[in-house]
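Please look at the sequence and the 3D view together. The paragraphs below walk through a few places in them.

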Amino acid sequence: MSEGTLAPTPSNTYSFSRVKCFQQCPLRYRFRYIEGRKEAFRSIESFLGSTVHDVLEWLYARRDAGTDPDESEVLAEFARRWTEGRDPTVAIIRINNDDEEYIRLGREMLTRFFNETFSRDRSRTVSLEQRLSKRLSDEVLFTGFADRIGRTDKGRLFVIDYKTSRSEGDGSEFSEGLQAPLYAACVLDHHNDDEALAGYHYLRHGTTRWQQVDRDRARQLVARFLDLVFEVETAGDFPARPGVLCSWCGFNAVCPSAEIPESLSGGLRRAEEMGRSLF
């Protein structure tokens, strides 16, 4: 397998992100999930999100181990992980920005979360970064990772997904409607509960939105997700769907339809520096 390729995703295994990728751009889907190509770069927004998620996992793990870090330790852990993880494959898409802008944003999100949420949180952690799977049919396996599964102080089961996006969700299927609720549907299979809460915590805003998922709702979610998988599996073509997301796509240097404005060309420049070029 060459350096520029990954193992193609098993044809019967579908995650929320896999289906979402197809809806956003079928060509990107083909490159990543069918051909197993490796993207030339990852955006700094993606790197920021994964780093913040890692710190939150560390924070709750420390609490579960009986040691509550203070705010300064949280920020020091963020700084350490940023320094160790920041490599040349991370691209700043907005060319007028720099690392300091995203470091400041990460510190702000973690400080807000620590003071407004974590310090008041009396829930019990069941698992962190839990790999979930659920067989939706004989042919389709759903898989995903839940940021945190827990129980409230009153014993209610929940799944929470942390978001570092600029905007809060709008309730649509590929914003809030499917991901965390499907995770909750998986969790119900592993616990003797009739319902669970599915939540999104928006770290830039300090807000949390909850949905209730009972057994009936879980069946509806599975049926809808299978419909979306059917769209993917019956696709006869995988055309490019150019738009603003092209700037954040790690295949933009090899896509003949990519639309990259100069102000958002940081990823394209990084790809070309790494030896990729447009057709």
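What follows goes from a helix to a strand and then to the cysteines and a loop.

The model is a predicted one. Begin at helix 3, which covers residues 44-64 and has 21 residues. From its first C-alpha to its last, helix 3 reaches 30 Å, close to the 30 Å expected at 1.5 Å a residue. Just after helix 3 comes G66, with a positive phi of about 95°.

A positive phi turns up again at E129, where the angle is about 50° although E129 is not a glycine. Most residues other than glycine have a negative phi. E129 belongs to strand 4, residues 124-135. Its relative accessibility is 27%, so E129 counts as partly exposed.

Now turn to the cysteines. The structure holds 0 disulfides. C21 is in no disulfide: the nearest cysteine sulfur, that of C25, is 7.1 Å away, whereas a disulfide requires two cysteine sulfur atoms within 2.5 Å. C21 has a relative accessible area of 10% and is therefore buried. C246 is likewise in no disulfide, and the nearest cysteine sulfur to it is that of C255, 6.1 Å away. With a relative accessibility of 12%, C246 counts as buried.

The backbone oxygen of C246 lies 3.1 Å from a polar atom of the N252 side chain. Where is N252? It sits in the loop between helix 8 (215-233) and helix 9 (266-273). Is N252 buried or exposed? N252 is buried, because its relative accessible area is 2% and buried means under 20%.

Technical notes
Residues are numbered from 1 along each chain as its sequence is written. This is a predicted model: local features need pLDDT of at least 70, side-chain atom pairs count only at pLDDT 80 or more; totals for chains, interfaces and linings use all residues. Side-chain values use heavy atoms; hydrogens and water are left out. Helices (H or I, at least four residues) and strands (E, at least two) are DSSP runs, numbered from the N terminus. Buried means under 20% relative accessible area, exposed over 50%, partly exposed in between (1.4 Å probe, protein chains only). A polar contact is a pair of N or O atoms within 3.5 Å; within protein, one must be able to donate a hydrogen and the other to accept it, and residues adjacent in sequence count only if both atoms are side-chain atoms. The expected span of a helix is 1.5 Å times one less than its number of residues.
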